[in-house]
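Dear colleague,

Please find the structure below. I would be grateful if you would read the notes that follow with the model open beside them.

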Amino acid sequence: MPCSIKKLVNPDILAIELYQPGKPIQEVQQELGLKDIIKLASNENPLGPSPLVTQAIQKHLQDIHYYPDAGAHDLKKALANHLNVSPNSIIVGNGSENVLAMISHTFIKPNDEIIISKHAFATFTIIAHESHGKPVYIPENNWRHDLKATLKACNQHTKLIYIANPGNPIGTYNTDEELRELLTSVPEHTIVVLDEAYYEYVNEKDYPNTLKLMESFPNLIVTRTFSKLYGLAGLRIGYGIARPEIIELLNRVRLPFNVSSIAQIAAIKALEDQDYVEASLTINREGMKQMQDELKNFGLKYIPSVTNFMTIKVPENGLSLYKKLLNAGIIVRPLVSYQLPDYIRVTIGTQTQNERFLKALAHLI
Ligand SMILES: *Cc1c(COP(=O)(O)O)cnc(C)c1O
């Protein structure tokens with residue numbers, strides 16, 4: 001090789017730190033020789049997929065030699081009905097992170113700034129660098145994305161603001177009033193992106209109705225996903241909602257066959273299965289209470305969460321507790337890469353899974 005390969009690379013790419021995903025079950029099985037493992041590390045639905053989804057996939061298997069519908073026509077129609085919006089205000093992605101990346105690819109020019117919260121979803125930082133933009137970090141206020149400080153940080157270079165609402169790994173949310181204030185005062189050349197991966201879980205009355213806000217604020221894009229409540233994380237499917245003018249632009253950078261036919265069919269069926277949705281919400285609500293009550297008994301602090309996960313302050317280093325839990329067959333998420341070394345993030349599981357986690361935790365702290 002004539003010269004170091006790193007000299008050839010765009011410096012923005014070298015600024016990216018490798019993403020650390022939740023450890024897969026198979027890896028722990030192989031590394032530690034354990035059989036009975038539970039994963040509470042990636043905010044997946046503990047119920048497994050809906051039976052309507054698995055049946056539809058089985059039926060579709062004989063057709064997988066065909067390319068998928070590049071326009072995701074049927075899925076967009078189903079989503080449009082479900083959300084009461086027009087199909088041309090929807091774009092479908094290979095996970096919602098694919099839609100988030102399309103947004104940056106479409107709008108970011110070199111030296112444009114992208115505002116994100118200090119402990120925001122790691123994908124935002126990857127996307128910012130990868131699209132050659134400059135991430136600008138805003139410290140949280142009481143563990144919530146500080147929208148007042150965000151507004152103050154806006155300047156002529158601010159192109160995008162990414163807000164995960166609720167946030168991950170913090171689990172808190174911003175209210176309708178706060179968001180309106182931001183949208184009313186944000187510069188005209190700035191687009192606000194609301195990542196609502198956990199929106200189905202939120203019950204709070206002051207949680208914003210962003211599709212309604214879109215009528216008054218054209219520079220708003222919302223992303224949602226089938227990975228969390230709908231239990232399809234492994235299939236990679238999510239979507240974005242915005243004014244048709246914006247969707248038309250995003251479609252220019254969307255790779256034509258970005259979403260598999262199986263994922264499209266599964267998503268349509270997942271939307272139909274309201275029993276599954278209800279069961280998932282109930283198990284999460286009860287599990288959240290179970291975890292909160294027990295953590296209070298242990299005297300442990302946690303960040304209040306409106307999602308399907310909790311971020312817990314632990315008495316020792318989060319990484320070493322993570323390793324001990326791993327040895328007990330329980331996978332949680334250490335938050336060292338999020339600069340939260342004293343915390344772990346735990347997904348709400350089934351009642352039995354939560355019990356097992358809490359028992360192991362009681363033993364270890
Ligand atoms: C899990 C999650 C997503 C979902 O990503 P997909 O690509 O749709 O699986 C998006 N944003 C946040 C903040 C998340 O935690």
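A polar contact is a pair of N or O atoms within 3.5 Å; within protein, one must be able to donate a hydrogen and the other to accept it, and residues adjacent in sequence count only if both atoms are side-chain atoms. This is a predicted model, in which local features need pLDDT of at least 70 and side-chain atom pairs count only at pLDDT 80 or more, while totals for chains, interfaces and linings use all residues. Residues are numbered from 1 along each chain as its sequence is written, and side-chain values use heavy atoms, with hydrogens and water left out.

The ligand comes first. A backbone N or O atom of Glu97 is 3.0 Å from a ligand oxygen. For Tyr198, a polar side-chain atom lies 2.7 Å from an oxygen atom of the ligand, and for Thr225 the distance from a side-chain N or O atom to a ligand oxygen is 2.6 Å. The ligand taken alone exposes 380 Å², of which the protein buries 93% (accessible areas by the Shrake-Rupley method with a 1.4 Å probe; for residues, only the protein chains shown count as cover).

Next, the pockets. On a 1 Å grid over the protein atoms alone, a pocket is an open set of points where a 1.4 Å probe fits, with protein on both sides within 12 Å along at least five of seven lines; lining residues have an atom within 4 Å of a point. The ligand takes up the space of the largest pocket, where a molecule counts as sitting in a pocket if more than half of its atoms lie within 2 Å of its grid points. This largest pocket is lined by 26 residues, and Tyr19, Glu97, Phe121, Lys228 and Arg236 lie nearest its centre. Of the 20 residues that line the second largest pocket, Glu17, Ala122, Thr125, Ser337 and Gln339 are the closest to its centre. The element that gives the most to this second lining is α7, with 4 residues (helices, H or I, of at least four residues and strands, E, of at least two are DSSP runs, numbered from the N terminus).

Finally, the backbone. A cis peptide bond, with omega about 0 degrees, joins Asn165 and Pro166. The bond from Asn168 to Pro169 is also cis, with omega near 15 degrees.

With kind regards
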